[in-house]
Amino acid sequence: MTWEAKLGALALTPPRSAVRGSAGARWREAYTVRLWMTDALILVWVVYGTQIAWLGLQPPLVSGPAEIDYWIFSAALVAAWMLMLGLIESRSDKVIGTGMTEYVRVADASLRVFGAVAIVAFLLRVDIARGYLILALPTGIVTLVIGRWLWRQWLVAHRRMGLYNARVLLVGCEESVAQIARELSRNAEAGYTVVGACVSGAVGRTVAGTGIPIVGDVGSVLEALHRSGADTVAITGTDDLPPDRVKQISWALESGGQHLVLAPSIVDISGPRIRTRPVAGLPLIHVERPALSRGQRVAKRLFDIVCSASLVVVLAPALLVVAAAVKATSPGPALYRQSRIGRNAEPFHILKFRTMQVGADAELAALLATQGAAGQPLFKVREDPRITAVGRFLRKYSIDEFPQLINVLCGSMSLVGPRPQVDAEVALYSEAARRRLLIRPGMTGLWQVSGRSSLDWEDAVRLDLSYVENWSLVGDAAILAKTVKAVVSPGESAH
């Protein structure tokens, strides 16, 4: 029997999981029910709470063509809000667990409901208490997003234990399969566990550089899907799988329980830069050139100025105490100035609280040579003997970095950006790594909230380039929030 004939037969025969229901579909349905119940409880609390707070326990009637009791109006508002959250698919398994889309859809649904209420009230001359609506809308959005965020933390914690993940079968050439597998393993919270691969002419072994078993070739995808227990097929790209076969595979998958994903080998590119445009039946993927517009640069700079100035004012007394502690416990100045390379390879002087003995820079080359790290762009000395007792504490909790708020105010640094490095490190950059210099270096960045000193150079570059090419103000806010957590609970990666 030919490959096409076997595929056609499988497409006409429901898989066994279609009879008993797949485990993937069950956990998704259960999670959706949890979100639905949480949303309902939140909206009842918000809508009726704001009604009571604004109008009291005995509110007047809603005046208009027909008078309506506010208790009934609030019930209708809750029902409409819940309906819109469902219609806009804010609880879809395609958006839960990772990314900002879920939160954006929650806000979008809320604004649509209140926009519709405002239009209807205007057209029908219905007099609704404006304060009640103005209070309910932002309170509802914020509370719904917090509820979704809490459930996401629960889901991510279980995903890191290997639960509630999509079981993925990768299909493609061995190189592309290995690359996609590595990227998925770096992001456990995304919810994809690779359970097998289909690679041409290589059945019975594992994908090179990974522990993923090769359970079939590209001509036996559906059989491999059933053998591996996968519920998601991810096509990473191969010349041996023409478009017609991809289409037939999609037809044969169990609706709602099994999924087909096209995973091009383009990594570290975020949603705003990707546009899918159907042309003559072809889903063309447009990847926009990474560049900050003038408006984005102004927004980032204003964000830096406002936040850094506020932090300087609030933290000034604590910073004076730290400076006094540095001066009192070791001879030398409280602040340390060092030349670093900034945006467009321009040097600047970075400010830090001094954490080492005076003259420590002269000992760096010998220490790096002793530890075999002299030729690496990410200079890190393990168990550095030059650090003072107070300096070790300041470094662990990143307190030594706070004087850089002055650098941010003056414009040589940003709150968020790539790690600023010394000239000797920049001299070792590859052509790709030099793209880190396209924007201002930052006090914190993706590298700091993703492992700090435990990262090797390749991972640090990958994270910094991802930030440079996919910048957003929301992303900066998220990194700052994660930085607070990393500072308060630094773990073993901070030194």
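These legends describe close-up views of a predicted model.

**View 1. A salt bridge links D39 and R148.** The side chains of the two residues meet with N and O 2.7 Å apart. D39 sits in helix α3, which spans residues 23-55. R148 sits in helix α6, which spans residues 130-160. The pair therefore ties together parts that are 109 residues apart in sequence. Is D39 buried or exposed? Its relative accessibility is 1%, so D39 counts as buried. R148 has a relative accessibility of 0%, so R148 counts as buried too. Buried here means under 20% relative accessible area.

**View 2. R148 also forms a salt bridge with E102.** The closest N and O atoms of this pair are 3.0 Å apart. R148 belongs to helix α6, while E102 belongs to helix α5 (residues 101-123), so the contact ties together parts that are 46 residues apart in sequence. Both R148 and E102 are buried.

**View 3. K352 and D400 form a salt bridge.** Their closest N and O atoms lie 3.6 Å apart. Where do the two residues lie? D400 is in the loop between α12 (389-396) and α13 (404-410). K352 is in strand β9, residues 347-353. The pair therefore ties together parts that are 48 residues apart in sequence. D400 is buried, and K352 is buried as well.

**View 4. Shared partners join several salt bridges into one network.** Its members are D39, R91, E102, R148 and R152. Side chains of opposite charge can pair when their charged atoms come close. How many salt bridges does a search of the whole structure find? The search finds 12.

**View 5. Strands β8 and β9 form a hairpin.** Strand β8 covers residues 335-341. The two strands pair in the antiparallel sense over 7 bridges. L335 has F353, in β9, as its bridge partner. Between the strands are 5 residues.

**View 6. Strand β9 is largely enclosed by the rest of the structure.** Why does β9 count as largely enclosed? Of its 7 residues, 5 are buried, so the rest of the structure largely encloses the strand. K352 lies in β9 and is buried. The salt-bridge partner of K352 is D400.

Terms used:
Residues numbered from 1 in each chain as written. Predicted model: local features only at pLDDT ≥ 70, side-chain atom pairs only at ≥ 80, totals over all residues. Heavy atoms only, no water. Salt bridge = Lys/Arg side-chain N within 4 Å of Asp/Glu carboxyl O. Helix = DSSP H or I, 4+ residues; strand = E, 2+ residues; numbered from the N terminus. Buried < 20%, exposed > 50% of the residue type's maximum accessible area, 1.4 Å probe, protein only. Pairing = 2+ DSSP bridges.
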